[in-house]
Amino acid sequence: MAHRVIGTSPPRADAWEKVRGRPIYAGDLALAGMLHGRIVRSPYASARILRLDTRAARALHGVAAVLTARDVPRNEQRMELPGRMAEATAGAVLATQPVLAGDRVRFQGEPVVAIAASTPEIAAAAADLVEVEYAELPGVYDPLVALAPDAPRVHDSGNLLRSWHLRAGDITQGFARADVVVEHTYRTPFVDHVYLETESGIGWIDGEGVLVLRVSTQVLEHYRDVAEVLQLPHGRVRLEGAYLGGGFGGKEDVTVECLLGLLVWKTGRPVQLVFSREESFIGHGKRHPYVMRYRTGATRDGTLVALDAELISDSGAYAALSPWVLLYSLVTSTGPYRIPNVKVDATTVYTNNPVASAYRCFGSIQTCLAYEGQMDALAEALHMDPLALREKNFLRKGDALATGQALETEPMLAETMRRAWAGLGERRPARAPARIGRAVAASFTPYGRMCWTRDSASAWVGMELDGTAVVRCAAPDVGGGQTSSLCAITAEVLGLDLDHVTAVGRDSHFTPRAGTTTATRQLLMSGNAVLNAARELRRHLVGAAAALLEAAPGDIELAGGRALVRGAPDRAIPLAVVVKAAIGEGRPVQVLEKYDAPSAPTIDPTTGQGKAFNDYTFGTHAIEVEVDAETGRTRARRLVSCFDAGRIVHRANAEGQLEGGAVQGLGYALMEEVALDNGVSKNPHLADYKIPTSLDAPEIATVLLESGNGLGPFGAKGLGEPAMTPSIAAVANAVSNALGARVTELPITAERVLAALGGTPA
Amino acid sequence: MSVRLHPFRLLEPESLTDAVDALGQLDGEARLVAGGTALVAMIRLGLLKPDRLVSLHRVPALGQIGVEGRSLELGAMATHADIERSRVVRDGWPLLAEAARRVATPAIRTSGTIGGNLAYAEAASDPAPALLCLDAEVRVVGRGGERVIPIASFFRGFYEAALEPGEIVTALRVPPPPAGARSGYVKFTSRSAEDKPLVGVAALIALDSSGRCADIRLGLGGAAPTPIRADGAERTLRGETLTDAAAHAAADAAAREADPLSDLMGSASYRREMIRVWVRRLLVALRDGTR
């Protein structure tokens, strides 16, 4: 089917506004009489609070509130994905975190006191006047140490947060069949999202007594968390979404919401709360560090026969989303390969390090470093071409993952790999001391939530009397172009020009609930909800047009803002006329629809067996790097990213996801790390936490395949997270190729590379 | 987004005399501010909590770039962007223009000044190694009047310049490089391209008619607690032919005389090794005319 709008690259609705600096981000809005929030945070990673004296701070002129744990009606934020997660895993996890620490702090940066004052300066001065007496406690900063029986306990329940297990076939027999076994341990660090816009928001109480928060968030449903903390009926708290200056999972958990809600509710006045860059670095969840021991066996002809792996992730001081991140790791631990005998044990552990939680790829990127590292190591051991080894073992339609889930459509893995590799072109000649390394990394990443969450999204599409359309859907736009995609789908179905479709508002109470912009789910979920609504609306418009044009509904087309009779272009009427006629006939011109993702029972936590996710996105990175053998410095020279997008909804946005994911991964691979000294960050600022610039980015080519096999609108799959998944593995494999030695630890700093080459004097 | 700074009073004197007086008042701590690129970051991090900032923006003629006699006269308030774009500097002191071009990012270069950069006395300064090679002189004014400090003795210690309390850097005097000299600056960053130099190497060589080093000067950033001249390395080359072996020996000498620190950019031993690599590479490239 030919599309008019879908698959093209029309200018995004927000593009001009953004380049002109005009959008009102959550931290930009100011209200009359507004107070400024300030949070006092723990400087210690593990300590008891012996004494907390706020009298001097409260006495300062201009200070409206100095709040401590005792002022929080219910001092407990629950870390649950909306959607019945707790019930699906009954009792598995007790994941709560205080809004303000009471008598104990468990990580550096944990909020202790919340202040509101008439100016930011007074709020800062009040923060200096708060007296907190801490007694440092022994902490634990390494997840392996934390599992020892005599380790200091982060929580009374112990340091073991959650384990998942995957079992398929017979691991002993599997390794007995193996002619070659390779074993490596892979390590990844804490990394930060480093979005342009730090966590921010403003709150007020409206005329009906409803607490309204306008916040930079990926999850409007956090209004419920605020209501629970304040012990208010859920309907009394409303979250208004704004455009985000980046989220990447870092604005999936609660950030400013509860603190802001508390300050507004206690003072009765508007309050603005904006985290500084330093607060953002120490205050929000990081990507989990992993230690991954992988042992992989293959027969002489390169057939994978066994995988034995152990994954340990550092959850930091609280659970947040760690168990679910770990589950993504478990499901993706085998890579997109047929492996008949599998034993994987995955564990996430409390420490006094920063809280780790959601970050683009959600646990499926660390495992890719390991499984793709293993594939190149096996290829070397078998003297096989690494691409041929992969192709021999790639999952095909009908094959089952180690979880037992059979793939219902062709994953096109081999094609993404061949196209990515071909895209690298001729190998660049190496001139000593430069060494050239090339590699691929194939990947698979779920899009959409875990099946048992029974995910659902709603959307409303309506016609205006002028024949234009309006979309209402509470899907936060994190900068990926979510809003534009919803408009494009509507324009496609209703035969409208894109600029005749407007998406209004992203609001927990005034727009239909669409769920979170996380888990690469918005195109699948809200996209399908909008598609369903637009199609239903189209049915009504076609009915009205058929009556007006005296034609059969099946012969009516909607195109260019008009309804016309197929094959008779002179018989056409503007949609504005059709809309008025429809209203006159009592036909609906506003439609509310929903989309329910297919659901399945919970997987078995002891064997991992079951259907964890509805579908996956498959793709490959091919990369060429240049390593300076005298300095150890690695430069990415050329990168090709090839994915099966299912169907491209907005081409430029899709390409942007691929490019952004690749560069974000380059930073993770080569330079990024939250440097910690017993849980205390040594680099909570951009002077010493470096991310790639345009000068660090390689030449990037993107190749998008369209199988039409996705569950999203028109057969689309999700790309947001998958686009990043193969990045770190591709870089590590390419550097390994350049060095002739396996690189298994991130970041691959120049100094580490030089040490691997034996170049650094002791 | 609001940037929260420890509150201070901003003074904007319109003459150097007033600036010196403003700095010299005894109540609380005063700091000079020029471009603010280093100072504001330090206030934000809480490393400094000055009560007063004395801005030099309204003092006339502090940012001028010109030639007096044969020397470059560089006002302390000249920004890195001014220097990199100046025709006078590019033609007569290309090493300085090259180093200025490598400072941070365009936004910082447009704001940060050469006087502020030197007074900050950061080991990883980009312009400092170039100015060390060029034998610049630093002019300062204080209560006791004006004095001139050779740049080789301007950096006293870790983030410490040889400035007395209340003294203000007003200008640099940079003698012309020897006729026919070749020069270059290498900035090596170990993380992103937008970073301070892990090490910076500036070199100036003048070869005589038989290919021997008539003049050789090496300035190093990131190699010690302050920017330094690599005197030992220079000695190994003076009067010698710049063979590959000689470049190696000079690089080894530079690595030996370096006294680098460890930080998040890299360890001391890695820095020492990078000095060895980049001194050699730069010398060979200058000899061969490949840069």
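This is a predicted model: local features need pLDDT of at least 70, side-chain atom pairs count only at pLDDT 80 or more; totals for chains, interfaces and linings use all residues.
**Entry 1: Ile275(B)**

I looked up Ile275(B) and found it in helix 11 of chain B, which runs over residues 268–288. Is Ile275(B) buried or exposed? I counted 31 other C-beta atoms within 10 Å, so Ile275(B) is buried; the cut-off for that is 20 or more. Next I listed its contacts, leaving aside neighbours within four places in sequence. They are Val199(B), Leu220(B), Ala223(B), Ala254(B), Ala255(B) and Ala258(B). I also checked Val186(B). It sits 89 residues from Ile275(B) in sequence, with 10 Å between their C-alpha atoms.

**Entry 2: a sheet in chain A**

I turned to an open sheet of three strands in chain A. Their order is 6-2-8, and the pairing is antiparallel. Which are the edge strands? They are strand 6 (104–105) and strand 8 (131–136) of chain A, each pairing on one side only. I then followed strand 2 of chain A, residues 47–53. Two bridges join it to strand 6 of chain A in the antiparallel sense. Across from Arg48(A) I noted Arg104(A), in strand 6 of chain A.

**Entry 3: domains of chain A**

I took down the domain assignment of chain A:

- Domain 1 covers 35–137 + 199–274.
- Domain 2 covers 290–395 + 410–450 + 602–756.
- Domain 3 covers 456–596.

The centres of domain 1 and domain 2 of chain A, taken over C-alpha atoms, are 35 Å apart. How many residues does each give to the contact? Domain 1 of chain A gives 20 residues and domain 2 of chain A gives 23. I sorted the domain 1 side of chain A that touches domain 2: nine residues are nonpolar, eight polar and three charged.

Notes: Residues are numbered from 1 along each chain as its sequence is written. Chains are lettered from A and ligands numbered from 1 in the order in which they are written. Helices (H or I, at least four residues) and strands (E, at least two) are DSSP runs, numbered from the N terminus. A residue is buried if 20 or more other C-beta atoms lie within 10 Å of its own, exposed if 12 or fewer, and partly exposed in between; C-beta atoms are placed from the backbone. Two residues are in contact if their C-beta atoms, placed from the backbone, lie within 7 Å. Two strands pair if DSSP finds at least two bridges between them. Domain bounds come from an automatic or database domain assignment. Ala, Val, Leu, Ile, Met, Phe, Trp, Tyr, Cys and Pro count as nonpolar, Asp, Glu, Lys and Arg as charged, and the others, Gly among them, as polar.
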